[in-house]
There are 2 protein chains.
Amino acid sequence: MVQKYGGSSVADAERIKRVAERIVETVKESNRVVVVVSAMGDTTDDLLDLANQVSPLPPARELDMLLTSGERISMALLAMAIEALGYDARSFTGSQAGVITDSSHGRARIIDVTPGRIQQALDAGHIAIVAGFQGVSQDSKDITTLGRGGSDTTAVALAAALGADVCEIYSDVDGVFTADPRVVPNARQQPRVSYEEMLELAASGAKILHLRCVEYARRYGVPVVVRSSFSQRPGTLVTSEANLAEENVEQPIISGVAHDTSQAKVTVTGVPDRPGQAAAICQTIAAAEVDIDMIVQNVSAPGTGLADISFTIPKSEGPTAMAALEKARPTLGFDRVVFDEHIGKVSLVGAGMRAHPGVSASFFGALAQAGVNVEIISTSEIRISVVCRDSEVPAAVRAVHDAFELGTDEVEAVVYGGTGR
Amino acid sequence: MVQKYGGSSVADAERIKRVAERIVETVKESNRVVVVVSAMGDTTDDLLDLANQVSPLPPARELDMLLTSGERISMALLAMAIEALGYDARSFTGSQAGVITDSSHGRARIIDVTPGRIQQALDAGHIAIVAGFQGVSQDSKDITTLGRGGSDTTAVALAAALGADVCEIYSDVDGVFTADPRVVPNARQQPRVSYEEMLELAASGAKILHLRCVEYARRYGVPVVVRSSFSQRPGTLVTSEANLAEENVEQPIISGVAHDTSQAKVTVTGVPDRPGQAAAICQTIAAAEVDIDMIVQNVSAPGTGLADISFTIPKSEGPTAMAALEKARPTLGFDRVVFDEHIGKVSLVGAGMRAHPGVSASFFGALAQAGVNVEIISTSEIRISVVCRDSEVPAAVRAVHDAFELGTDEVEAVVYGGTGR
C-alpha cells in the first residue's frame, strides 16, 4: 500500500509523531507500506521567501534544488519518528526512489519510475518513506520538482510502478463531499466516485485531488482513497466506473456540486466577425502559456460585423493574458479588452447525467429560482458548468445542492457527524 | 581555485549576497572557481532540535538525510545570488559532486572524490557550488555526513581532486594569530604557517581549521589560505615547510601560543604500580571511544606500591569515561577516580623549536614568573604543552606571548589595525 501525507499532516513534530503512529498501525495490518510525504506546513513558502530575498528571478534549476530540501526534512523526521516506535524505516529522495522526469524545472513530468531501491527496502522489511513532489531529470541528472499536485502524483506513480493495491491520499479533508461543507453545511461525503467524476470535480474547483494525479491514477488503474489524517473515517474511494459497476453498488446520478472563484473573465470587444477570429485570440493566449477554461462568442450586434468574445482564465494569469492581447492588438484588430475578476463558476458533476436527460433542466431551473444570472455555460458528458457573479456563488451552490437532494442521506449524516441535516 | 564559506558567512540573505559578490570578484580574476558552502548559521542546530522532538535517539542514517538539507538550502541560495549578478552558477550535492565516503553515518570519511560533474560545469564556464559536510556512501549509496570539520575537508578534498592551485577557507576570523586576540590584544596575524605547525595548533585548541582538514591538505599538498569573508585581508597561507623554504621567507621560530579550556583531567589514584597498568587504563578509555590527549603517571608514594595516573579528555566525554572506569574497576584495581574540569592547556607551537634548544627554558621561565603552576607537561618536536588551572590560562598565554615577543611587529600591527600594540 502507498500512503501520501500532505504538508498540514506533518506540519510540526507532534503531527509527524501522530502520522508515524498511523503508519505503524497500517504496517501491523499489511506488511508492505510506502509513504510519500510533502514538506512540513509552510516550509515551501519560507524557502520561496529566502529565494526572493537573494534573487529577483531565481533560476528554476536552483529553485528546485532549494525547494526539494523541504521534503528531505519531513521525510527524515518521519523515518526517525517511526524508528522511535520500534519499526524500521528508510527515507529516499525522489531521485533515490527512481522518479525520473523530464527537464522542465518547476513543473517536470514523470516519464518513468524505477523503484528498485524501494523494492529492496520493502523486501528487507523496512517502511519506505519517499519525498513527494521531486524527481531527477533523465537527461541532465538534475533535481526537478513536479509542480502543483506533485506529491499526490508521486504517490500514484509509485503505487502504479510497485503494483500497490491502493494509494491513500491523506490531507485535512475527510474525502469527496457533495459540495464544499463550508458553503453547504449539510453536504454529504461520497463513499465512492469514478475517475471521470473526480477529474471533472478537480477541473471545476474541488481542491481535493489535483487533475494530474487523477489522470495518472486513471491511466494506470490505481485505486485512490482520499481521507483525513486527523480522523479514522474511511474516506472516499476513487476508482474506475467498471470497478464501481462490478462492486454492484448503486451509484448516485450526481456526485457533487463544485465551485471555483479563482478565475477571471476576459472579454474582447469589437472583434471582426469572421471565421478564425476566436481561434486567433485563443492562440494568442495559449502562446503566453495561459490556460483558457470556458469560452463564449456573443452574438454580433446586427449590421456592425463585430462580435464580442469572452473567456475565463486563472485570475493570477490576468496580467500575462492582458499583455499578450495588447501586443497582438494590431493583428487581431479588436476594440478593447475588459478584465472582470468578480466571477465564479458553479459545476454539477455526475456520471449518471448521461442516462438522465432531465438533469440540465433541473440545474438551470434551480439557478433561475435562486435569481442567479448565468453568463457563460459549458458542458461535458458528465458535467454542466456556469459562470455567474462571484457574490452569487454560495446561493447558486446551495440551490443546486438542494434541487438534487444531495444532502438528504440521514444515515450518512450520522456517520459523518455534524455535517448532515 | 576552491573557496569554502562557513555557516556564519552565509547566515542570512544579506550575507549570501555579499559572498556572491566576492565569488564574482574572484571569477573576474581567475576563470575556474568551485565554492564549497556550509549550512546557514543555526540551520544545523534547528534541524537537530526537530530531530530530538520526534525521536529520543534519531537513527544516524536519517539524521544525515535531515542535516544535509541544510547545505542544500545554502548552496541553492548562493547559486541564485550569483546568477542574479549575471554569472552562471550550478549547485551540486556532495553526492552529485562525487564525494564518495565510507558508511559511518555522522562521521563518514572521504574515500574517493570523482568530480566529473564539477569538471563539466567548470568546462561550461559555470561557477560550481558544492554542498560541504556531505557525501554518498560507496556501498549503500546512502547520504552521509562527514562530521566535525567536514566542510573544510570537502573543500580541500575537491581542491586535491581538481588539482586546484589553492583552497581558500573563509570564516569570521582573519587568519592564524600568534594567540587568541580575545586573550592577547596585541596578537599578530601570521602570514604563513606550515602544515605541521597548523596541525599542532589545531590539536592545541586553535579553532581555525580542523585537524582532519589540515591532515588531508598535507597528504595531498593542497595550499590552504585561511581568511575572513568579512574583510579583504589576505589571511594566512598554510603550506608545506618545503614550499615556505623555497619562497625563501624567513620563518619565525614560534608560530603561536594556543590554549584550550575544553578538556578535563581525570586522575585515577591508588593504581597498583606494576607494568601495563597505564596501558590497561588507556585501553579502557579508548574502548569507550574517548580520546586521551595528555597523560602522566605520578611517582608512587614510597613503600605503598601504588601510583596515581592522570590524563586529559574532552570535558563532554567525562560521563562516558567515568562510567567505563567504574565498570573496569574490578579488573584495574584502583582506589578512586577524580574528575577535574577546571583545567586549561597552554601550548607553544613553532617549527623553529627544533633548531633552538632554549625555547622550553624560556617557556617554563615565563610561566614560573607569572606564577602559573604546571600540572602536566607534554611535548612534540615542534610543540610544548602544559596543563594548569583554567583560571590561570589567560595570564599564562600572555606571559608566554610576551616572553617570545610575538606581538612586536609594528608594521603588521598597523596593517591588521586595532590588534597591534
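**Figure 1. Contacts along chain A of the predicted model.** In chain A, 74% of the contacts with a separation of 6 or more link residues 24 or more positions apart. The model is a predicted one. The secondary structure of chain A consists of 13 helices and 20 strands. Its C-alpha trace spans about 80 × 55 × 35 Å along the principal axes. The radius of gyration of chain A is 23 Å, which agrees with the value near 22 Å that a compact globule of 421 residues would have. Of the 421 residues in chain A, 49% are buried.

**Figure 2. The side of chain B that touches chain A.** In this view, 27 residues of chain B are in contact with 27 residues of chain A. The elements of chain B that give two or more residues to this side are helix H1 (13-29), helix H2 (43-54), helix H3 (60-84) and strand S3 (89-92). Of these elements, H3(B) gives the most, with 13 residues. Sorted by class, the side of chain B that touches chain A has 18 nonpolar, four polar and five charged residues.

**Figure 3. A four-stranded open sheet in chain A.** The strands of this sheet follow the order S13-S18-S20-S19 (chain A), and their pairing is antiparallel. Strand S13 (256-260) and strand S19 (376-380) of chain A are the edge strands, each pairing on one side only. On average, neighbouring strands of the sheet are turned by 20 degrees against each other, direction ignored. Five bridges connect S13(A) with strand S18 (residues 343-349) of chain A in the antiparallel sense. Within this pair, A:Ala258 has A:Ser347 of S18(A) as its bridge partner. Two helices of chain A also belong to this view. Helix H6 (residues 195-203) of chain A lies across S13, S18, S19 and strand S20 (383-389) of chain A, and runs at about 170 degrees to S18(A). Helix H12 (residues 393-403) of chain A packs on the sheet and touches S13, S18 and S20 of chain A, its direction making about 15 degrees with that of S18(A).

Figure 4. How many of the seven residues of S18(A) are buried? Seven of the seven are buried, so S18(A) is largely enclosed by the rest of the structure. Both faces of the strand are covered. A:Leu348 of S18(A) stands opposite A:Val257. A:Leu348 also stands opposite A:Ile384 in S20(A). S18(A) and S20(A) run antiparallel and are joined by seven bridges.

**Figure 5. A four-stranded open sheet in chain B.** The order of the strands is S13-S18-S20-S19 (chain B), with antiparallel pairing. At the edges stand strand S13 (256-260) and strand S19 (376-380) of chain B, each of which pairs on one side only. S13(B) and strand S18 (residues 343-349) of chain B run antiparallel and are joined by five bridges. In S18(B), B:Val346 is the bridge partner of B:His259. Helix H6 (residues 195-203) of chain B packs on the sheet, where it touches S13, S18, S19 and strand S20 (383-389) of chain B, and its direction makes about 170 degrees with that of S18(B). Helix H12 (residues 393-403) of chain B lies across S13, S18 and S20 of chain B and runs at about 15 degrees to S18(B).

**Figure 6. B:Leu158 in the largest nonpolar core.** The largest nonpolar core has 247 residues. The residues that touch the most other members are A:Leu78, A:Val130, A:Leu158, B:Leu78, B:Val130 and B:Leu158. Leaving aside residues up to four places away in sequence, B:Leu158 touches B:Val2, B:Val34, B:Val36, B:Ala97, B:Val113, B:Pro115 and B:Val130.

**Figure 7. Two residues of chain B with positive phi.** Most residues other than glycine have a negative phi. B:Phe133 has a positive phi, near 75 degrees, and lies in the loop between strand S6 (127-131) and strand S7 (134-137) of chain B. B:Glu289, which is not a glycine, has a positive phi of about 60 degrees. Its place is in the loop between helix H9 (277-287) and strand S15 (295-297) of chain B.

Methods: Residues numbered from 1 in each chain as written. Chains lettered and ligands numbered in written order. Predicted model: local features only at pLDDT ≥ 70, side-chain atom pairs only at ≥ 80, totals over all residues. Rg over C-alpha atoms; globule rule 2.2 N^0.38 Å. Buried ≥ 20, exposed ≤ 12 C-beta atoms within 10 Å, placed from the backbone. Contact = placed C-beta atoms within 7 Å. Nonpolar A, V, L, I, M, F, W, Y, C, P; charged D, E, K, R; others polar. Pairing = 2+ DSSP bridges. Axes fitted to C-alpha atoms, helices over the stretch in contact; angles between N-to-C directions. Core = buried A, V, L, I, M, F, W, Y, C linked by C-beta atoms within 7 Å.
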